[in-house]
Structures are given as C-alpha cells and as structure tokens.
Amino acid sequence: MIRIGLLGCAHVHAADYVADLRVDRLNARPLAVFDTDRERAVAFAAQHGLTVADDPDGLCRKVDAVIVVSEHRRYPEMVSAAAAAGRPVLCEKPLGATPEDCRSLLSTPAWLSVSFPVRYAQPVLRARDLIAGGSLGMLLAMSGTNRGAFPGGFFGIRALAGGGAIIDHVVHVADALRFLTGCEYKTVYAEAGQFRPVGDVEDCAQILATTTEGAWASIDPSWSRPPDMPGALDFEMTLWFEHGWMHLDEGGTRGMLVGSDGRIAYQDHGEGTNVKLLADWISAFTRGGLPPIPASDGAKATSLALAAVRSAASGEVVAVDDAMA
Amino acid sequence: MAREPLKVGVLGAGAMAAVHFANLASCERATVVGFAANVVSKEVEILSRRIAAERMTVDQLLAPGLIDAVVIATPTDTHADLACRAMDAGMSVFCEKPVARSREEGKRVADVAASTHARVAIGHDLRYAPEYDDARRYIVDGLLGEVATVRMFRVNVSPANVKPWYGEASRSGGPLFDMAIHDLDWCLWALGPIRRVYARQSGPAGKEVASIVLRHDCGTIAYVDTSWRDSRLMSGLEVCGTEGIYRVSASSDAGLQVVRGEQEVPASYLPTGVSDVPPWDDPYRMELEAAMAWFDGGPEPRAVLADGLAVLAVVTAAEESIRKGTPVEVKETT
C-alpha cells in the first residue's frame, strides 16, 4: 500500500485527490495532510479521515509520495521540502504562478510530475492518435475554451494565486494542444478584466497565441459561469489542419441526469481522468520510471499563461520566452 | 396600394442577388425593372424572366431617371464605386456588406452620400435574424447584467470553390470581410463602439481561418472565430453576463443534420434552407423590406451607411492587426 500525503489543502482539487486515491486499483491510501493554515488542515483531515502533520518535512517522513495542492505561490517551498526528503511529487497545475516560481520548480531535484488530467481524457487520446497518423497535415489554428465558475478561496487573491482565470485555466488547453500536436508557443496577446467581485484578479479573459510553426491558438479561460450552473466547466477545442478539422469536447462523453425537480446534472461515467493520472504517476515512481508529465511540460504550458498575464497588463503582444526570462 | 411601386434595379446576378431577386419579387413596394451583371446564375435567369426584369448594361441601369433604387450584390471590391455612381444618379442604395473593400473607398461613399443626401442601407442581415435580435434585446434590457464576454463563430466551406474572386484577398477580404463582418456588426449593434482589435489568420487565400479578439468601450471582451475551411455554414453566439448567459446555435441547419451519400462538401456556400424560413423570420426578406420602406419615406432600417462604415473600420483594423501582428486601435472613418 502506497502512502500518500497532501502538501497543502487550499486548492479546490485537494478533496478530489483524496477521494480518487481511495480507488482500489491504485493500491494507495491518502494518509496525512500539512497546510500552512493549521485550522484548515485540521478541518480537512477530520472531514477526509487523514492525520495532520506539523510541517512539510514531518509530512514527508510519514508517507511514500506527496501531492502538492497548496495555494499556487507556495508550490516552490512545498516541492523543495519533498525534494529534501526524497519523496516523489505530483504537482497541481500551474507549474508556478510567477516566472520566478516556475523557474524554481523547473530546476527542482525532486522527482516531479505535473497534474494535467485532460491528457487522459478519451477524446484527447483519440484525437492524438488521429493527428499522429499524419493525414490531417499541419496545424493551422485552434480555438479552445476552458471556462468555469470562480473557484473561490485563494484563487481570487493575487498574492497567493499569481493571477485569476488566466493562471487557473490557460494551462489545460495550452498543454493539451502541445500534447496533441507537439507545437510550441511563440507569442501571446490577452485581453482581461474583472466583471464580478472575485478579489484582485481577472475573472474573464481571451488570449490569442501563435506557435513557432505559424498557427494561431486562442483560449477562453474565463470564470464566466454562475456558481451552480450544471456542466459549467467546459473543455473544448476546434482544430483546423491543412487537410481537415476536428472539434473536441471533453464533456461530450458525460451523461445527463435529470432529477424529479427538473434539475440537470452532467455525470462522468467510468474511471475518471484523475484516477488514470494518479495510476500513471504511482506506477511510474514505484517502478523507477520517468515522471509521466515532466516539469518541462508543465513549464511550457505555464509560460504561456504567465506571458498572457504580462500581455493583459501591458496591452502588448508578448514573446512567450521573454515572459520566463 | 395607391402609390406607384419603387422602380428597383439589381447589380449582380450571383447567389446573393438571387436571394434579393426572390424577395423583391414578393415585395409590394418594389418592382424590379432591370438588372446588370457580367455573369448570370441559373437562379437569377429564371427569377428575372418570371418578374420580367430586363438585363441591361450598368450604364443603362444607372442612367438617371430609369430606377429609384438599386440593390448592389456584386463582388466586394466593386461595391463602393457602384454605390457612388448610383447616388450620383439620384438613387437610393441597398448595398450588400461590406459597404467597401477598404477604408479609403468607404470614405468616398460617405462623401458622396453626404453631398447627395442619398439613402444608403447596408445588408447586415444579422440585425434581422431572430436569435441575434433576441441576444441584443437580452443585453439592452439588462437581463444578462454587465456583459463580460461574447463568443461568436461563423464558419463555412470556401465560396472560392464556386466563385474564384472570393479567393483573391484584395477583392473579397477573405472570411474576415465576408463572414466575421456579420458578427463584428452585431457586436457594435449590441454593445456599442469597439476600442481595439487583435487578430490572427492562417491558411492559403480562399481557405483562411481567422481569430479576432475585441475590446469594447464598455469593457466587454468579445471573440470571433471565422473560417472558410469547414464542411458547411455554421454559426453561433454565447453572451456571458454577470447575471446570466445566452447561448444559441444560429446555424441554418440547427436541428437537422443530413449526410447524403459520399457527398462531403456542399456545392453552395449560402445557408441551406433559406427558402424554408417563414417570411416573418427571414432576415434577408426583412432587411430588404425595411430598406424599401425607408426609400419610400418610411422609418430608417436597422443597418444604414453609418453602421456599414463603423464595422468597416473594425474589420480593416483587424486586417491591419493581422498584417502587423499587433493590437490595433479602431479609428473613426468619418
């Protein structure tokens, strides 16, 4: 039984990891949690049946591997504690919420894999196979959305989150397009604004990037959905190639469940992408393999988000590499 | 009707001209006297014969005194010149979008309109499309709160497959001037002036795919996808406000998808089922009825020259942004 600890529980995904780690086939067990806010750690531990560690090092000593799900800006200190203890890491996205954090995480000696569960979605895997077949030719353009509701908590606090919707949602589509086509980003332009009271960050944005091969790629990462909207979180991409186009809708596989009151819920079925990602991660570090999603991939997707944040602030087109310098 | 119907001439005899011919035929205020075109489509030939419209030269048709109003449905790069000639001859003008291929041509149309006081309506039919009309009303009535984002798309097969001039960017302006201009005009109509534009385009001439990011004066961030690389005409919009969301698929085949045998690419680039739309919901018929009523002394239609020029400023800014690779501030044209 692999013992897993959580470094931080401020992130909305922390509870998802705990639930998913309890799936039998993973042969794993969530054991303990550390958070800089001890009250939060105690409440989280009580709710999810975990023990509380007093410091990151103490947590690492109790477990075989750690998942970093703290506030974005604390990732570097959490990862360096895991590196010092020699524990394999699964790091929640983004890989750093500032250029400094991203560089620090990229150079960590820790065995680190990044959490991009979209890579395990059936439509994404099928699209990747189709594209690898080569008959579609070169990518010309991609229009993508990853919209949802404001997650709440630290996501609205720039000092802890690094930014708003751009930091939260650009990376999923940015990584998926790299994963699908092998492209790299060259420039990005972003318009952003705050339309609802979500703190000191943007809640809506539209970004338009170019790739080194001359394609364009747009991403709508907005928290433009009301909190209780069924199926609020979307992940869609339209890709135009030399010899055809495709529309990819991750939510297209979900079923619709309607209650007697008419309320609609969209339900995933089968094993979720998060469980597949965890299985791949655990299998890799227990067998001494390489991280399934290396820090370098995390940094590439994250650098697009960081460059978009800079563009939104300056009003200029930003070279993605410059944003990391 | 006690009064004489308006005598109307049609310039052009292609796909859009056929739509206008059919709608003029059923318009009680108008009678089509003649038409001029280099190439006449089968549909226009049949329609013109049915309503006894005579084919003549442009000079004959635009000779002062013959007609009261002209409908311009020729290739984009000829719009401005023909509109100016018609105005100089004392006619009212219904001009297909875009009003001109360039800002300079647009300025000329504005100058001639100012000196002749001619009435000029522009074919921004989306303003008469029920779903887009509703979307604007929800915004104007405050149903959606403050509008944060708008996403629109309009994709099609390449019309250059049928009409080669569409494939020459200097003549047609590509999908930006042919397709996205509808959505950009709707943005102006529903949300007011646009401050700046950033756009990107890929693909060879006649098969372009483009992306446009817009920032409105009111703060709304709007986004438009447009393409001539798709398998049929599809369009839609989503408006996200602080109080609600309105989303609609405006594709003309919404609610019905048909695949026929091995056929992958339809021969026509026009909306399928145009003739099936009931007349009271048909934007092409309504825009023309409204223009003819205006020419006949009635109220102004929803899209007039000022609107055509305003969206021309936006679409030419998008073209400039693509060329320069930078965001471009939208300047007034007049």
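**View 1. Hairpin of β13 and β14 in chain A.** Gly262(A) adopts a positive phi near 85 degrees in the hairpin formed by β13(A) and β14(A), where 5 residues lie between the strands. Strand β13 (residues 255–258) and strand β14 (residues 264–267) of chain A run antiparallel and are joined by 4 bridges. Val258(A) has Ile264(A) in β14(A) as its bridge partner. Strands (E, at least two residues) and helices (H or I, at least four residues) are DSSP runs, numbered from the N terminus. Two strands count as paired if DSSP finds at least two bridges between them.

The model is predicted: local features need pLDDT of at least 70, side-chain atom pairs count only at pLDDT 80 or more, and totals for chains, interfaces and linings use all residues. Residues are numbered from 1 along each chain as its sequence is written, while chains are lettered from A and ligands numbered from 1 in the order in which they are written.

**View 2. Parallel open sheet of chain A.** The order β3-β2-β1-β4-β5-β6 (chain A) describes an open sheet of 6 strands with parallel pairing. Its edge strands, β3 (51–52) and β6 (112–114) of chain A, each pair on one side only. Within the sheet, strand β1 (residues 2–7) and strand β4 (residues 65–68) of chain A run parallel and share 4 bridges. Opposite Ile4(A) stands Ala65(A) in β4(A).

**View 3. Mixed open sheet of chain A.** Here 7 strands form an open sheet with mixed pairing, in the order β12-β11-β7-β10-β9-β8-β15 (chain A). At its edges stand β12 (244–249) and β15 (318–319) of chain A; each has a single partner strand, so one side of each is left without a neighbour in the sheet. Between β9(A) and β10(A) there are 4 bridges, in the antiparallel sense. Leu208(A) has Ser218(A) in β10(A) as its bridge partner.

**View 4. Contact between chain A and chain B.** Across this interface, 24 residues of chain A are in contact with 24 residues of chain B. Two residues are in contact if their C-beta atoms, placed from the backbone, lie within 7 Å. On the side of chain A that touches chain B, at least two residues each come from β7 (139–145), β8 (185–193), β9 (204–211) and β10 (216–220) of chain A. The largest share of that side, 5 residues, is supplied by β9(A). By class, the side of chain A that touches chain B has 12 nonpolar, 9 polar and 3 charged residues. In this classification Ala, Val, Leu, Ile, Met, Phe, Trp, Tyr, Cys and Pro are nonpolar, Asp, Glu, Lys and Arg are charged, and the others, Gly among them, are polar.

**View 5. The two domains of chain A.** Chain A is assigned domain 1 (2–114) and domain 2 (118–273 + 301–324); the domain bounds come from an automatic or database domain assignment. Their C-alpha centres lie 24 Å apart. Between them, 15 residues of domain 1 of chain A are in contact with 17 residues of domain 2 of chain A. Helix α5 (residues 99–106) of chain A gives the largest share of the domain 1 side, 3 residues. That side consists of 7 nonpolar, 3 polar and 5 charged residues.

**View 6. The two domains of chain B.** In chain B the division is into domain 1 (6–125 + 284–304) and domain 2 (127–280 + 312–329). The C-alpha centres of these domains of chain B lie 24 Å apart. Contacts link 22 residues of domain 1 of chain B with 19 residues of domain 2 of chain B. On the domain 1 side, two or more residues come from each of α1 (15–25), α5 and α9 (283–295) of chain B. The most, 4 residues, come from α9(B). The domain 1 side has 9 nonpolar, 5 polar and 8 charged residues.

**View 7. Helix α5 of chain B.** The end C-alpha atoms of helix α5 (residues 103–116) of chain B are 20 Å apart, in agreement with the 20 Å that its 14 residues should span at 1.5 Å a residue; the expected span is 1.5 Å times one less than the number of residues. Glu105(B), Gly106(B), Val109(B), Ala110(B) and Ala113(B) are the buried residues of α5(B). They fall within an arc of 145 degrees when seen down the axis of α5(B), so they line one face of the helix; the arc is that of the directions from the helix axis to the C-beta atoms. These buried residues pack against α4 (79–88), β6 (120–123) and α10 (305–324) of chain B. Glu104(B), Ala114(B) and Ser115(B), on the other side of α5(B), are exposed. A residue is buried if 20 or more other C-beta atoms lie within 10 Å of its own, exposed if 12 or fewer, and partly exposed in between, with C-beta atoms placed from the backbone. Just after α5(B), a positive phi of about 60 degrees occurs at His117(B).
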